[in-house]
Amino acid sequence: MGALPMGVDRMVFMASKTPIPAPVAPKVRPKDDDGGSVVLERRTQKTKPPQMYQVVMLNDDYTPMEFVVVVIQEFFNKDRETATQIMLKIHLDGRGVCGIYSRDVAATKVEQVQQAAREAGHPLQCVSEPVE
Ligand code: TYC
């Protein structure tokens with residue numbers, strides 16, 4: 001160190017700035033490269049959309065068509081025309097998709113249909129299955 005001013009035997013340094021907050025972790029990973037600089041490399045997308053489930057209604061020989069139409073209207077929010085088309089598709093093909101939902105919602109729809117069928121004394125069945 002060079003000469004101090006006359007009468008001063010030591011220098012005292014004090015922090016004069018407010019502390020800088022710790023940096024927030026970035027959503028990208030730092031990667032050391034050759035030059036000693038830090039490159040931020042974007043992480044490849046890791047979140048996937050959730051698996052969806054279709055609620056499939058099954059045909060049987062006993063449940064009245066009218067009951068099926070009303071169930072599809074009530075629990076799958078279809079208008080009467082759409083509900084009738086779905087019911088006829090089930091009647092002809094043996095099964096038909098009434099709606100596609102997240103897993104929990106699909107499971108609830110199945111429960112609601114089964115409960116309504118049980119209470120009305122009909123053997124109507126439906127199941128939930130993953131789409132694709
Ligand atoms: N097959 C039934 C009948 O002829 C009608 C029916 C349609 C039943 C769809 C179930 O999921 C069903 N009465």
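You're looking at a predicted model, where local features need pLDDT of at least 70 and side-chain atom pairs count only at pLDDT 80 or more, while totals for chains, interfaces and linings use all residues. Residues are numbered from 1 along each chain as its sequence is written, and side-chain values use heavy atoms, with hydrogens and water left out.

**Stop 1: the whole chain.** Switch to cartoon and colour by secondary structure. Of the 132 residues in the chain, 23% are buried (buried means under 20% relative accessible area, exposed over 50%, partly exposed in between, with a 1.4 Å probe and protein chains only).

**Stop 2: Met57.** Select Met57, which is found in strand 3. Is Met57 buried or exposed? Met57 counts as buried because its relative accessibility is 1%.

**Stop 3: the ligand.** The shell consists of Met57, Leu58, Asn59, Asp60, Thr63, Met65, Val68, Met87, Ile90, His91 and Leu124. Sorted by class, that is 7 nonpolar, 3 polar and 1 charged residues (Ala, Val, Leu, Ile, Met, Phe, Trp, Tyr, Cys and Pro count as nonpolar, Asp, Glu, Lys and Arg as charged, and the others, Gly among them, as polar).

Which element gives the most to the shell around the ligand? Helix 2 does, with 3 residues. Strand 3 (53-58), helix 1 (65-76) and helix 2 (80-93) each supply at least two.

Next, draw some distances from the ligand:

- One of its oxygen atoms sits 2.8 Å from a polar backbone atom of Leu58.
- A nitrogen atom of the ligand is 2.7 Å from a polar backbone atom of Asp60.
- A ligand nitrogen is 2.9 Å from an N or O atom in the side chain of His91.

Taken alone, the ligand exposes 350 Å², and the protein buries 89% of that (accessible areas come from the Shrake-Rupley method with a 1.4 Å probe; for residues, only the protein chains shown count as cover).

**Stop 4: the salt bridges.** Side chains of opposite charge can pair when their charged atoms come close. With a salt bridge taken as a side-chain nitrogen of Lys or Arg within 4 Å of a carboxyl oxygen of Asp or Glu, there are 3 to visit.

Start with Glu66 and Arg80, whose side chains meet at 2.7 Å, N to O. This pair links distant parts of the chain, with Glu66 in helix 1 and Arg80 in helix 2, 14 residues apart.

Move on to Asp93 and Lys89, where the closest N and O atoms are 3.2 Å apart. Both lie in helix 2, 4 residues apart, about one turn of the helix.

Finish with Arg95 and Glu129, with closest N and O atoms 2.7 Å apart. Arg95 lies in strand 4 and Glu129 in strand 5 (residues 125-130), so the pair ties together parts that are 34 residues apart in sequence. Arg95 counts as partly exposed because its relative accessibility is 36%.

Notes:
A residue is near a molecule or strand if one of its heavy atoms lies within 4 Å of it. A polar contact is a pair of N or O atoms within 3.5 Å; within protein, one must be able to donate a hydrogen and the other to accept it, and residues adjacent in sequence count only if both atoms are side-chain atoms.
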